[in-house]
Amino acid sequence: MANVIEMRNIDKIYGTTYQTQVLFDVNLDFEESSFNSIIGQSGSGKSTLLNIVGTLDKPTNGVVKINGISTVDMNKNQLAELRSETLGFIFQFHYLLPEFTALENVLMPIRIKKQKITKEVMDRALELMELVGLTHVKDNLATNMSGGQQQRVAIARALMSEPKIILADEPTGNLDSDTTEQVYDLLRKINKRFKTTFIIITHDRRIAEKADRIIEIKDGKVHLDIKK
Amino acid sequence: MLSLRIAFRFLRSSLGQTILIVVGISVGVSVQVFIGSLIGGLQQDLVNTTIGNSSQITITSEDDTIYIENYETLRNNLINDVEGLETVSYSLDSPGTLIDGTVTEPVLIRGMDFELSDGIYEIKDKVIDGRLPTSDNEIMLGANLFESLGLSIGDSVLVSVPLIGNTTVDVVGVYDFKVASLNNLWVFTTLPSMQGILNEDDIVSSIEMQVDDVFLAEDISKEVILVINDSTLSVSNWIELNEDLLSGLQAQGSSSLLIQVAVTVSVVLGIASVLAITVIQKSRQIGILKAMGIKDKDASLIFLAQGFILGIFGAIGGISLGLLLSFGFSTFALDSAGEPVITLLIDPQFIAISALVAIFSASFASIIPARKSSKLSVMEVIKNG
């Protein structure tokens, strides 16, 4: 399988006067349609790594290539476009827009791309709502849903623009174990069905073990890299 | 449009705050509309009472003893060739004395075509007893003079013009200009009658004009000079004769402008500070949108759109409130005669400008928050999530 993400010699240093190095010479590749998990203790640098892959943060040194194209020299607009076309995010705190309904949140990536909400688009949104099992609450405002429901809306939203890569930072961090299980099954299902590449940060070893590959980050370095 | 849609939702989701800003803008705009109309009304009132019933541009002969002969042609030329003239009339005036038995009063005898002069003096409305003079040797006196002489309609008196002599005339009417000095001084008669009293041919002593915009009198009078093109005639206008009045009117105008600028500035500051807070309130949402790939430009547009929407609602509310205030003022602030203390000048153009200023300044006020949102980085939001 071809690599969809390549990271070469990534360093990340925060601060200018008091410098803290968070990542040390990280080299990682991620294959297309793979299901990867990243584990590590708090402060190990795993979130920083994910944010750098997602172009939300810039590495101090090194190169990130997405689909073979380096993101280092892209300007803010190009990065915004790349995020909108290729990347989907799922955060721990679900981050829905509370002013919009569940369905409107799911449609938001399409509106950001300034595309029309055609019947096909709407059907797809409804299909995704059904996939995450939320058809019955699609017109609820985000604030009127449970945490698990909101997280599932966030997943549907991440899938809406058919991204090649979905980055998830502890997507189940604040969910109970049953819901956690459901969400992972859902992500796995999506991975199989849409061939989407997943990189998921998790604390939960049980969940990590369900992935195709487990990467452990320790003190800013790749400590373990196990492929099944 | 995405930004507009999001802006609307943001405003709707914090409805209380939105209403507060709109009310703030509305109060500002309403003060602007009300004060503007009030000062406009005051100004018009002052113009009307001081120069409203007098000649604003006057052509006289350079030499007092020479009269104007071709006055009909001049009048036609002025009407056809000079823009901004509201009315043009003429008058034959002479100082003289009114003699009733042993009493003598100095007067200014004015011979006029009342149909034309009505445009300036509204003389028909000012007749309080009797009628206007219509034939030779008929005069109309001011109320004060009429009373002090103890005359009645139909009485005969003498008018005496220096170097020419006395003429017996009949008092046929009484006018009231509500200005004692005029009521004591001016004696009206018809133009032919006056020409007879002076033993003159078909002549007048002055051509009098009113203009559409009193503040342009000086420019229009320059054009009048070009059109009449006669060095034996001199042209004067109210501005050069009443510089104090002009500066008074101008001071009023600029004080009105100052109030409006102050109100606009306070509205702008108010909106800017509230919107700056909403950027912080909504930074999480802006962060999510940026993570999803919204461009900085569109993120900024959300706040500009908010300013614009607030401006529109504020303008609508402000104008309604301002008109309501004005209406209330005209209805309830009455003088002893039951007339409004000041007739407000409701100028649609001024109101439209106030609305545009409100919308523009609200949009302008949102530039700072818009820039702020454009600078907001996703990382900050996620870290502080």
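In the predicted model described here, B:Leu15 is placed in helix H2 of chain B. With a relative accessibility of 46%, B:Leu15 counts as partly exposed, because that class lies between the cut-offs of 20% for buried and 50% for exposed residues. B:Leu15 also contributes to a nonpolar surface patch of about 640 Å², which is made together with B:Ile19, B:Val23, B:Val27, B:Val31, B:Ile259, B:Leu321 and B:Leu324. Two helices of chain B, H2 (15–52) and H12 (296–332), each supply at least two residues of this patch, and the most is given by H2(B), with 5 residues.

Chain B as a whole is divided into two domains, of which domain 1 comprises residues 2–49 + 246–384 and domain 2 comprises residues 67–231. The C-alpha centres of these two domains of chain B are 52 Å apart.

Over all chains, the count of salt bridges comes to 22. Among them, within chain A, is the pair A:Arg213 and A:Asp225, whose side chains meet at 2.9 Å, N to O. This pair links distant parts of the chain, with A:Arg213 in strand S9 (residues 213–218) and A:Asp225 in strand S10 (residues 221–227) of chain A, 12 residues apart. A:Arg213 is buried, with a relative accessible area of 6%, whereas A:Asp225 is partly exposed at 38%.

In chain B, a salt bridge is formed by B:Glu115 and B:Lys124, whose closest N and O atoms are 3.1 Å apart; here B:Glu115 is exposed at 58% relative accessibility, and B:Lys124 is partly exposed at 38%. Elsewhere, salt bridges that share partners join A:Glu6, A:Arg8 and A:Asp29 into one network.

Helix H1 of chain A, which spans residues 46–53, is mostly covered, with 7 of its 8 residues buried. The buried residues of H1(A) are A:Lys46, A:Thr48, A:Leu49, A:Leu50, A:Asn51, A:Ile52 and A:Val53. After H1(A) comes A:Thr55, which has a positive phi, near 60°.

Technical notes
Residues numbered from 1 in each chain as written. Chains lettered and ligands numbered in written order. Predicted model: local features only at pLDDT ≥ 70, side-chain atom pairs only at ≥ 80, totals over all residues. Heavy atoms only, no water. Domains from an automatic or database assignment. Patch = residues over 30% accessible without salt bridge, like charges linked within 9 Å, V, L, I, M, F, W, Y side chains within 5 Å. Areas by Shrake-Rupley, 256 points an atom, 1.4 Å probe, with all protein chains shown as cover. Salt bridge = Lys/Arg side-chain N within 4 Å of Asp/Glu carboxyl O. Helix = DSSP H or I, 4+ residues; strand = E, 2+ residues; numbered from the N terminus. Buried < 20%, exposed > 50% of the residue type's maximum accessible area, 1.4 Å probe, protein only.
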